[in-house]
Amino acid sequence: MMIAEEIDNGKPKKEEEELKLSAVKLADLLKEVTKVVDVTKGTLQLQMLIFLNEHGPQTADQISKELGKRRKAVTDALRKLKLKEVVKEFQNTNDRGDTSAVYGLTNNGKEYVNSLKGIFSQKGVSSITTSRETGFRLIELIEEIPLLFNTYDAIIAIGLSGNKGVTAKKLSSLFGLSEQRAITYLDLFTDAKGATLFKKKVALPNERDDDIKYVLSDNGMRTLKLLPTYASLQTSYTFKILMKLTGSVHPRQVYIRTALILAIGSVLTIAERMIAPQFPAVTIVWIIFLATLAGLLFVDRVSVRAQE
């Protein structure tokens, strides 16, 4: 698997273009996939969509048998895909008059799969997936997509830390995996020949030896600077402050924890106004917080316009 190639000093222009193309394709792929399926929790739904697109309408039993998955897992996935309006159910009658539920793609489902095919088939995608011969089948790549997501998230998280290093424990929390599993993923791109994105940072005297920290390699830094998410957040004062306030290492965590803070703050303010309106301490603090946040967002907006 290759996310970015090392850039040789003798021919930087061509390989920098390839690196940029790889980063853009990776971002496009992740954005497109998450429109319908959260593959960080599993790839079965995505596998099923590709399978139905290739083979046409199938029963749950047929899908289960062909993909080698438990029937219950398949039926649960079908239910979720129907709610997302990418799969439809209809009744099929055989020659003996027996009817059975059959599942096929809706027009939305077909458009979604075709958009993924379009991204995978474009030049540059081979550098963010396993190299394969021309005409490879998309379904063969599905199992690798969680690795792409985790690698992308790790690059963003480490980069937004100022490349000071992020522990494997924090990254495992971001991935939703065990620490050991996260280390296994990261080590695929750590000191790997031709695909080094990360380096392990030696623990400082005041740090525990088992607190493994990962930083970006030179190649990882070049990849980071080409990712749209990083480009949009690296100059945001609001985002940097919210990262520290929420103790987060990734935009997704920042948004979730900030939303939780806003919800709790609003509830406490309302409760105070109902229970003790004569002592508006919480309300005052909350107004100051919201005003500060609004001010920072305004500064960010001005900065963006100045750069345009």
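Mentor: The largest nonpolar core has 32 residues, and L171, F198 and Y214 have the most contacts inside it. Such a core is a set of buried Ala, Val, Leu, Ile, Met, Phe, Trp, Tyr and Cys residues joined through side-chain atoms within 4.5 Å; buried means under 20% relative accessible area, exposed over 50%, and partly exposed in between (1.4 Å probe, protein chains only). This is a predicted model, in which local features need pLDDT of at least 70 and side-chain atom pairs count only at pLDDT 80 or more, while totals for chains, interfaces and linings use all residues. Residues are numbered from 1 along each chain as its sequence is written, and side-chain values use heavy atoms, with hydrogens and water left out.

Two or more residues of this core come from each of α6 (145-160), α7 (168-175), α8, β5 (213-216), α10 (228-233) and α11 (237-246). Helices (H or I, at least four residues) and strands (E, at least two) are DSSP runs, numbered from the N terminus. The largest share, eight residues, is that of α6. Apart from this core lies another, of 23 residues, including I50, V74, Y103 and Y112.

Helix α8 (residues 179-187) deserves a separate view. Its buried residues are A182, I183, Y185 and L186. Seen down the helix axis, these buried residues of α8 fall within an arc of 160°, so they line one face of the helix; the arc is that of the directions from the axis to the C-beta atoms. An α-helix has 3.6 residues a turn, so residues three or four places apart point the same way.
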